[in-house]
Amino acid sequence: QVQLVESGGGLVQPGGSLRLSCVASGTISRINVMGWYREAHGKQRELVAVHSSTGVTQYADSVKGRFTISRDNAKNTIYLQMNSLKLEDTAVYYCNVESFYPGDPFTSWGQGIQVTVAS
């Protein structure tokens with residue numbers, strides 16, 4: 001399986017920027033998709049952005065044009081650059097990986113990291 005460690009969260013003012021990082025270790029060669037999800041207080045966990053091993057990316061409508069997901073395979077790391085942050089971006093952000101390996105698919109989650117946007 002894969003272990004994930006997130007970093008880069010914190011408190012930022014509206015309009016500010018943060019960059020989240022997620023380092024993967026373990027059976028990383030089987031990872032097909034890496035991404036970020038978030039869970040705001042009292043709400044369900046939602047997809048923020050995902051990045052496939054083929055380079056395809058997908059974003060939630062609410063973050064398009066503001067957030068950028070990128071992947072550094074040499075460092076086994078995925079990043080989420082968050083610009084023009086809004087109050088409603090406040091949430092716990094979770095790194096996620098999925099493997100569709102035949103016979104042994106899996107999903108792994110990081111421990112979550114708090115992002116708070118407040119003035």
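This is a predicted model: local features need pLDDT of at least 70, side-chain atom pairs count only at pLDDT 80 or more; totals for chains, interfaces and linings use all residues.
1. Let's start with the core. The largest nonpolar core holds 29 residues. Leu20, Trp36, Val48, Phe67, Leu80, Met82 and Tyr93 have the most contacts inside it. At least two residues of this core come from each of the strands S1 (2–7), S3 (18–26), S4 (33–39), S5 (46–52), S7 (67–72), S8 (77–82), S9 (91–99) and S11 (113–117). In soluble globular proteins, nonpolar side chains tend to be buried together.

2. Asp89 is worth a look on your screen. This residue sits in the loop between S8 and S9. Asp89 counts as buried because its relative accessible area is 0%, and the cut-off for buried is under 20%.

3. Now for the surroundings of Asp89. Its side chain makes a polar contact of 2.7 Å with the side chain of Arg66. Leaving aside residues up to four places away in sequence, Asp89 touches Arg38, Arg66, Phe67, Ser84, Val115 and Val117. Of these neighbours, Phe67 is also one of the residues with the most contacts inside the largest nonpolar core.

4. Is Ser53 buried or partly exposed? With a relative accessible area of 46%, Ser53 is partly exposed. You will find Ser53 in the loop between S5 and strand S6 (57–59).

5. Finally, the neighbours of Ser53. Again not counting residues up to four places away in sequence, Ser53 touches Ile31, Asn32 and Arg71. Ser53 and Asn73 are 20 residues apart in sequence, with their C-alpha atoms 9.2 Å apart in space.

Notes: Residues are numbered from 1 along each chain as its sequence is written. Side-chain values use heavy atoms; hydrogens and water are left out. A nonpolar core is a set of buried Ala, Val, Leu, Ile, Met, Phe, Trp, Tyr and Cys residues joined through side-chain atoms within 4.5 Å. Buried means under 20% relative accessible area, exposed over 50%, partly exposed in between (1.4 Å probe, protein chains only). Helices (H or I, at least four residues) and strands (E, at least two) are DSSP runs, numbered from the N terminus. Contact means heavy atoms within 4.5 Å. A polar contact is a pair of N or O atoms within 3.5 Å; within protein, one must be able to donate a hydrogen and the other to accept it, and residues adjacent in sequence count only if both atoms are side-chain atoms.
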